[in-house]
Amino acid sequence: LLEAVREGVVVSPADKYKDHQVEIVEVEVPFPEIGQAAGHLLQGRNYGLFTSCLSGLIRETTGEEIAVGDDSSANCSEVGVLYLRCCGLDLLPLVPAKCITPRALLEELRRLEK
């Protein structure tokens, strides 16, 4: 489980959320083996609560895609988008990853579900 948390982008145990209500969306990715390398590259980024989340808020409220901040930080949905894009999944290809909110990511994954 690769996730962005207060401490930054980390690998957590797969069963971390076993006692929470979760939704699992299964999608096929063309290059799953690349995910391992992508995960290593994303680990250690700071959690971009302000910068990355601001980008998503701007997109959700105005429709403008303005990626705020640099690549040293990431939020939860951004990490998921970058990881899946590295695996070859064409997720909202024209939208910067920083501008994709958790809601938008979930909607896109549901659309692509196998």
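The radius of gyration used here is taken over C-alpha atoms, and the rule for a globule is 2.2 Å times the number of residues to the power 0.38. Keep that in mind for the first exercise. The model you are looking at is predicted.

**Exercise 1. Work out whether the radius of gyration of the protein chain agrees or disagrees with that of a compact globule.**

Solution. 
Step 1: Start from the length, 114 residues, for which a compact globule would have a radius of gyration near 13 Å.
Step 2: Compare this with the protein chain, which has 14 Å, so the two agree.
Step 3: For another view of the overall form, look at the box filled by the C-alpha atoms: along the principal axes it is roughly 35 × 30 × 30 Å.

**Exercise 2. Find how many helices and strands the protein chain has, and which pattern they follow along the sequence.**

Solution. 
Step 1: Count the elements: there are 4 helices and 4 strands.
Step 2: Read along the sequence to get the pattern β-β-α-β-α-β-α-α.
Step 3: Now turn to contacts between residues at least 6 apart in sequence; 63% of them join residues at least 24 apart.

**Exercise 3. Describe how helix H3 and helix H4 meet.**

Solution. 
Step 1: Locate helix H3 at residues 76-86 and helix H4 at residues 102-112; their axes come within 8 Å and cross at roughly 35°.
Step 2: Pick out the residues that make the contact. H3 supplies Cys76, Ser77, Val81 and Leu84, while H4 supplies Pro102, Leu105 and Leu109.
Step 3: Sort these residues by kind, which gives 6 nonpolar, 1 polar and no charged.
Step 4: Follow the chain into the loop between H3 and H4, where Leu92 lies. Phi of Leu92 is near 40°, a positive value in a residue other than glycine.
Step 5: Check the burial of Leu92. Buried means under 20% relative accessible area, and Leu92 counts as buried because its relative accessibility is 19%.

**Exercise 4. Find what lines the largest pocket.**

Solution. 
Step 1: Begin with the volume of the largest pocket, about 1,300 Å³.
Step 2: Look at its lining of 32 residues; closest to the centre are Leu1, Leu2, Glu23, Leu105 and Leu109.
Step 3: Ask which elements give two or more residues to this lining: they are strand E1 (2-5), helix H1 (34-42), H3 and H4.
Step 4: Note that H3 provides the largest share, 6 residues.
Step 5: Divide the lining by kind to find 20 nonpolar, 7 polar and 5 charged residues.

**Exercise 5. Decide whether Glu3 and Ala67 are each buried, partly exposed or exposed.**

Solution. 
Step 1: List the contacts of Glu3, leaving aside neighbours within four places in sequence: Gly8, Val9, Val10, Ser12, Lys16 and Tyr17.
Step 2: Find Ala67 in the loop between helix H2 (51-62) and strand E4 (73-74). Ala67 counts as partly exposed because its relative accessibility is 43%.
Step 3: See what Ala67 touches, not counting residues up to four places away in sequence: Ser55, Pro96, Lys98 and Cys99.
Step 4: Finish with a distance for each residue. The C-alpha atoms of Glu3 and Ile58 are separated by 22 Å, and those of Ala67 and Glu23 are 28 Å apart.

Note on methods
Residues numbered from 1 in each chain as written. Predicted model: local features only at pLDDT ≥ 70, side-chain atom pairs only at ≥ 80, totals over all residues. Heavy atoms only, no water. Axes fitted to C-alpha atoms, helices over the stretch in contact; angles between N-to-C directions. Contact = heavy atoms within 4.5 Å. Nonpolar A, V, L, I, M, F, W, Y, C, P; charged D, E, K, R; others polar. 1 Å grid on protein atoms, 1.4 Å probe; cavity = no way out; pocket = protein on both sides within 12 Å on 5 of 7 lines; lining within 4 Å. Points joined across faces, edges and corners; volume = space filled by probe spheres on them. Buried < 20%, exposed > 50% of the residue type's maximum accessible area, 1.4 Å probe, protein only.
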